[in-house]
Amino acid sequence: MKLTNIQRFWVSFILAIPMLIQMLAMPFHWMMPYYNWIALVTTTVIMLVSAAPYWKSAIGAFKKHNANMNTLVAAGTAVAYFYSIFAMAAGRPVYFESAAFVTVFVLLGDAMEEKMHNNASNALGKLMGLQAKEAEVLKGGKFVKVPLDQVQVGDLIRVRPGEKVPVDGIITDGSSTIDESMVTGESIPVAKKVGDAVVGSTINSNGTITFKATKVGSDTMLAQIVDMVKKAQTSHAPIQNLTDKISNIFVPTVLIIAILTFIVWYSFLGATAVQAMLFAVSVVVIACPCALGLATPTALMVGTARSAKMGVLIKNGEVLQEVSDLDTVVFDKTGTITVGKPQVTDVIGDTNQVLQVAASLEESSEHPLATAIMKRAEDDGLTVDKVQEFTAIEGKGVRAEYQGQEAFVGSERLSDEVNISQEMKTQAQKLQNAAKTVVYVGLAGEIIGLIAIQDVAKPSSPEAIAELKARGLKTVMLTGDNEAVAKAIADQVGIDQVIAGVLPNEKAQHIKAIQDTGAKVAFVGDGINDAPALSTADVGIAMGSGTDIAIDSGGIVLVQNDLRGVVRALDISKKTFNRIKLNLFWALIYNTVGIPIAAGLFAAVGFQLSPELAALAMAFSSVSVVTSSLLLNKTKIAGDNLTSVTE
């Protein structure tokens, strides 16, 4: 049975516990009974079960005249393991723990990477789970339910209130409002009538509609989104790990130095074969990649743990490297920059009277904007009165008898039938110029007030955008909303560029177009329609309040629905990646300086390293790397002092 990286990590970690106990007990001069035999058995199992893939990879690279991190792992563990067997037979100190813990630390990083890939697979499964399972298709003059895979292009399909639209199509009968937030990210349901297009997996809100199927199976918008996520996740070549680049030069050099050390001491300096071998082993042991193996996972663990406390979840080390090169941040609008729910922003006229009349009429309405009006009235503590003779006027609004007088709430087309003052007209135009939806409230044949409704920007958005721009990053809004609304929000929060009217399946294309200009792009979003863009961007940042698909597709997840988390995410990512580079540099320099000493260059003056001291030096290099990583907890991160914003 083939074990996963996560399983291999736990196998190696559990088996290495006795060696860890012995290492901790050494300063107290305590020796575990039969320690050498215990270490031999447990390390052998680790080599056969956990380290075997590294050995296979190293051998494969060697056949191609190449070297990688696995070459380091294989070389270090092989020398430590086989020399320890020799040393055990010769009654010398053993170094099984080096072979064991190199494997443990390297597997820890691989296990984290595997976890990320599992999340990506779960995202695709959740996307497909959004599809309806069956559809009501007209057959023989009657609507009958059939499995979704039996629906064909041209079929007439009926969808009742509250049901999912099974496939893409064009309405042929009826009207309704459709909640398209699942695929467009827009919070306000869209009014649909005969001739309008509907999208599979969206939800029919109130009316019964019949539509003609135009796209089924893999041609539907949802299926295309799934396909784009798959392609986006596989289109990027894996970033070459820094340790692989380093090891390509470092490993052959160390092995050559070790061989030359043996030859020089044995052939020219009169040392015995055992003495020469000990010098060679000291070279390899002090250059053992333990510190290199620790450099990335320890910094990653400390950095991600700290970022999690700040509400930022970083998925993998690859994201950290990409963040360092970013120059552009692209945002979705609805639910990302804005709250994601329409709110009453302005009330013109007697506020209480206007809201009370509107709420009384809207209580019986199914219009999407009614919720915003009802919530504002509730927040203001207003009571809703009973109305008589309620009538919904399609495309205009509602009428009813309110306290013995005729009242209405609706659009400008409904207000044309009554008197409206010039002042009200001027106010309405100002609100419309600000990209707000204006609702007219009439009573007794006159307009008594206006209610403006808009999906407003989050209080934290302007501050976050300003912080990003202060760091030299270009900001872009990418949204399916109309240009007037998008620009109004962009002006409020300080966005540099607006790309509006973008269809769900076009978002990833726009991200790619920006990348083609040479830009390194981060995309921030929260809707299912954002999943392809999150995966296509160099760095995907998913809002935690969004769908699970968006969260799983993002390389960084903001737990709190606060854009200032983007600033935190970029800062902690950059500083964590810089710490990884520092760790790698220190591990290499430390061990490189120790190599000449281990090779016996200063033996003539009585200064040399035995394998035991070489192992101790190697251990100190590991401690220094761990200490460096822990210092990330003390590093200042932007946003440490930011106060919470209540939405």
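# Close-up views of a predicted model

**View 1. Tyr 34 is exposed, with a relative accessible area of 66%.** The picture shows a predicted model.

View 2. Is Glu 389 buried or exposed? Its relative accessibility is 63%, and the cut-off for exposed is over 50%, so Glu 389 counts as exposed.

**View 3. Helix H2 has the length that its residue count predicts.** You can check this one yourself: at 1.5 Å a residue, the 15 residues of H2 should span 21 Å. The end C-alpha atoms of H2 are 21 Å apart, so the model agrees with the expectation. Which residues of H2 are buried? They are Tyr 35, Ala 39, Leu 40, Thr 42, Thr 43, Ile 46 and Met 47.

**View 4. Ile 17 and Ala 39 are 22 residues apart in sequence.** In space, their C-alpha atoms are 9.9 Å apart. Ile 17 lies in helix H1, while Ala 39 is one of the buried residues of H2.

View 5. Over residues 34-55, the chain is 86% helix and 0% strand, with its end C-alpha atoms 28 Å apart. Over residues 584-607, the chain is 62% helix and 0% strand, and here the end C-alpha atoms are 27 Å apart.

**View 6. Strand S11 (residues 328-331) is covered on both faces.** Thr 328 and Val 330 are on one side, Val 329 and Phe 331 are on the other, and all of them are buried. What are the pairing partners of this strand? S11 pairs with strand S18 (residues 474-478) in the parallel sense, over four bridges. Four bridges also join S11 to strand S20 (residues 521-525), and these two run parallel. Follow Thr 328 as an example: in S18 it stands opposite Lys 474, and in S20 its bridge partner is Val 521.

**View 7. The largest nonpolar core of the model has 62 residues.** Which residues have the most contacts inside this core? They are Phe 331, Ile 541, Ile 556, Val 566 and Leu 570. Helix H22 (residues 564-598) gives the largest share, 13 residues. The core draws at least three residues from each of domain 1 (5-125 + 233-299 + 581-632) and domain 3 (312-337 + 458-558). Zoom in on Leu 570: leaving aside residues up to four places away in sequence, Leu 570 touches Val 323, Leu 326, Val 329, Leu 468, Leu 473 and Ile 541. A second, separate core of 31 residues includes Phe 9, Ala 51, Phe 101 and Leu 278.

How values were computed. Residues numbered from 1 in each chain as written. Predicted model: local features only at pLDDT ≥ 70, side-chain atom pairs only at ≥ 80, totals over all residues. Heavy atoms only, no water. Core = buried A, V, L, I, M, F, W, Y, C linked by side-chain atoms within 4.5 Å. Buried < 20%, exposed > 50% of the residue type's maximum accessible area, 1.4 Å probe, protein only. Domains from an automatic or database assignment. Contact = heavy atoms within 4.5 Å. Expected span 1.5 Å × (residues − 1). Pairing = 2+ DSSP bridges.
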